Structure formats: structure tokens, C-alpha cells
Amino acid sequence: MNDAHPTSEPQLTHLDTEGRVRMVDVGDKAVTTRTATAEGIFRTRPDVVRRVAGDALGKADVLATARLAGIGAAKKTSELIPLCHQIPLDSVKVRFDPDEPAGEIRVSATARTTGRTGVEMEALTAVSVAGLTLHDMVKAVDPLATMDGVRLAAKTGGKRGDWTRGSDDPGALAQPEPAVLDPGRSAVVVVSSTAAAHGRREDTTGPALEGWLLERGFSPVEVHVVADAGIAAAVTEHIRRSPAVLLTTGGTGVAPDDRTPEATAPHLELALPGVAEAIRARGLTATPTAAMSRGLAGFAGRTLVVNLPGSGGGVRDGLAVLDGLLDHLLDVHAHGGGH
């Protein structure tokens, strides 16, 4: 479309006014911190997921190999996709959330740069190649495996601001430049719910926690829903990424599949029993069953980890306690701020 026919619709930036392919000139753009997260689902059989997670396929460590392949692919994106810019990558993190009952491995990648253009294609390339590597390494036992739904999940930084998939606003990519956020205030929410992970129930706790964290200046904020059986792998994977905050919801009770405290405990280097007890005490003002919660709190390296109950009320109680503590805990732990 040329200038004689103006439109409010988004334009294809890789075409000039005469419709010819071009590489976008980013020389005048501001240098900012930019991140992008992509995701996809590798589908196979439950027994294959179990063997992959347990490194029992007789090849090299499957997930480690796929992770390295994804990171390497992100670094070569400009060589693979003709009009992508060569950009300096600050980091590329590829992660896997195995869900054995569903026969799935959720693959996601977050790329980060400080530059003049975004890293969406780098994140998408990392997920795609990590999934292809999984396929290559399991094809001998499951040639019908597939990699589905590769898509952009979220982005931050740049002229168009922050965006997360699922926004109902068609103009979500055209927001004003956001205020600069502390890059050390990333957060992850992990929801432990087999029913929600399999689509049998809509989860409301994850979005509630995401909104609460965003309101307090945390960005990016990721939400992951996993089956109860996958909570240990999810907690391990996300602690390895060292976000400022990791909040879990669900799996804190006494049912046989409630294993979130067990998944959390091995990682805590500095326990905060008072925080966990305060959350239980807050819940007891409304329901006696709050005493059944076994949730833990503490620091795993630089990451503050807090287990919240899986109910909406339990999450609200937990956030009421954290509202007055979160920033202070992070400040004291990181910088030795005063009390």
C-alpha cells in the first residue's frame, strides 16, 4: 500500500512504498532493554515424556541437548531468516515443562537484548529448533511425535511497549513507550493444577497473581500452568532462571498429589517460616482448613519463593501478607537495606 491510500491498519515494515522487500532501518530507534518469550508444545506419548525426563533414551541427555540447540539457533537467527538484524543477545533461556500424563513437553524460550530492535524472532527460533531437536532424539521410539503451537507469548521494551498474548485489545502492540522498569524485577508464577493444565478447569489464580505483580512494577511476569506431577520439574527449571520472585499456587494441601512444598524445600537456602505462618494465620481468620496448608517461603539464591494455596481466597490471603513485605524482603536480601 502506498502513501496515496492512507490507512490506520498496521503496515508490513519489510516492504517499501513500492512493495519491494527491504531490511528495516533501525538506526534512529532508541537503545532499550527488550525481551521476548515464545512457546510451543512437543506432543508424544506419556511413556516417552517419562523416559525423556529421566534421561532413559540411551542417547545424550535429551533436554540438555535440546536446550543447547535452542540457544545456538537463537544466536544464528539472522543467518536463517533473511531480513532479521544481527543483534547482541544478552541472554537466551530455554526451558522445558514435562507433563507426563498429557504426553507433552512445554517448550519456552526467553531472549533478551539491549539494542534498537526486538528479539521476537530469536525466541521463536529457539523454541522451534529445541522442539525439532526433541523430535530428532525421540523419533526412534515415537516417529509420530509433533511440535505444535509455536507462537510469541510476550514481549517487553521498544516503542510499542509491553505485550502479552491473550490481550483483548487489538491495539495492544501500539502503546506508548513504557516507563523504564528495573530489569531485576522479573517474576514467575507457577500454577499446580492437573485439571487446569489439561483444560478441564479454568485457572483464575495465575492471572490474579500476574496482575498483582505487574501493578507493583514486576516485569516481565510469566505464568505457567502445570499438572501436579510436573511441579517439581517446573520449580527446578524456573529457580534455575533466577527471577526476583517465584510464586506458586496449588499443591500445598494433604492430598496424595499435593507436592509443591516437597518440590520447593530442596531449593531453599534461607527459609522464611514466619512468612509462611503469617499466610496461614491470615487464612485462619476465614476458614479452619487454612491450617492444612503446608506452603513454604524462603530464598533460593536471589529468588524469593512463596507457596500459596490453590484457592482464590488462599491467594488473596497470601497477597495481603506479601503486600507489606515483598519489596522489603527483596531489598534486605539483595542490598542489606535497613529494617
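1. A residue is called buried here when its relative accessible area is under 20%, exposed when over 50%, and partly exposed in between, with a 1.4 Å probe and protein chains only. By that criterion 45% of the 339 residues of the chain count as buried. The chain exposes about 16,900 Å², of which carbon and sulfur atoms supply 56%, the areas coming from the Shrake-Rupley method with a 1.4 Å probe, and for residues only the protein chains shown count as cover.

2. The model is predicted, so local features need pLDDT of at least 70 and side-chain atom pairs count only at pLDDT 80 or more, whereas totals for chains, interfaces and linings use all residues. Residues are numbered from 1 along each chain as its sequence is written, and side-chain values use heavy atoms, with hydrogens and water left out.

3. The secondary structure comes to 11 helices and 11 strands, where helices (H or I, at least four residues) and strands (E, at least two) are DSSP runs numbered from the N terminus. Among contacts (heavy atoms within 4.5 Å) between residues at least 6 apart in sequence, 71% join residues at least 24 apart.

4. The largest nonpolar core has 29 residues, and those with the most contacts inside it are Phe-42, Val-52, Val-94, Phe-96, Ile-105, Val-107 and Leu-134; such a core is a set of buried Ala, Val, Leu, Ile, Met, Phe, Trp, Tyr and Cys residues joined through side-chain atoms within 4.5 Å. At least two of its residues come from each of E1 (32–43), H1 (46–53), H2 (62–75), E2 (89–99), E3 (104–115) and H4 (120–138), and H4 gives the largest share, eight residues. A second, separate core of 27 residues includes Val-189, Val-275, Ala-297 and Leu-322.

5. Helix H4 has 19 residues and reaches 28 Å from its first C-alpha to its last, close to the 27 Å expected at 1.5 Å a residue, the expected span being 1.5 Å times one less than the number of residues. Its buried residues include Leu-124, Val-127, Gly-131, Leu-134 and Val-138. Leaving aside neighbours within four places in sequence, Phe-42 is in contact with residues including Gly-131, Leu-134 and Val-138.

6. Five strands form an open sheet in the order E2-E3-E1-E4-E5 with antiparallel pairing, two strands being paired if DSSP finds at least two bridges between them. E2 and E5 (163–164) stand at the edges, each with a single partner strand, so one side of each is left without a neighbour in the sheet. E1 and E3 are joined by 12 bridges, and Arg-43 stands opposite Glu-104 in E3.

7. Arg-43 and Glu-104 also belong, with Arg-106 and Asp-148, to a network of salt bridges, each defined by a side-chain nitrogen of Lys or Arg within 4 Å of a carboxyl oxygen of Asp or Glu. The whole structure holds 19 salt bridges.

8. Arg-95 and Glu-222 form a salt bridge with their closest N and O atoms 3.1 Å apart; Arg-95 lies in E2 and Glu-222 in E7 (221–226), so the pair ties together parts that are 127 residues apart in sequence. Arg-95 counts as buried at 0% relative accessibility, and Glu-222 counts as buried at 10%. Arg-50 and Glu-100 meet at 3.0 Å, N to O, linking H1 to the loop between E2 and E3, but here Arg-50 is partly exposed at 45%, and Glu-100 is partly exposed at 32%.
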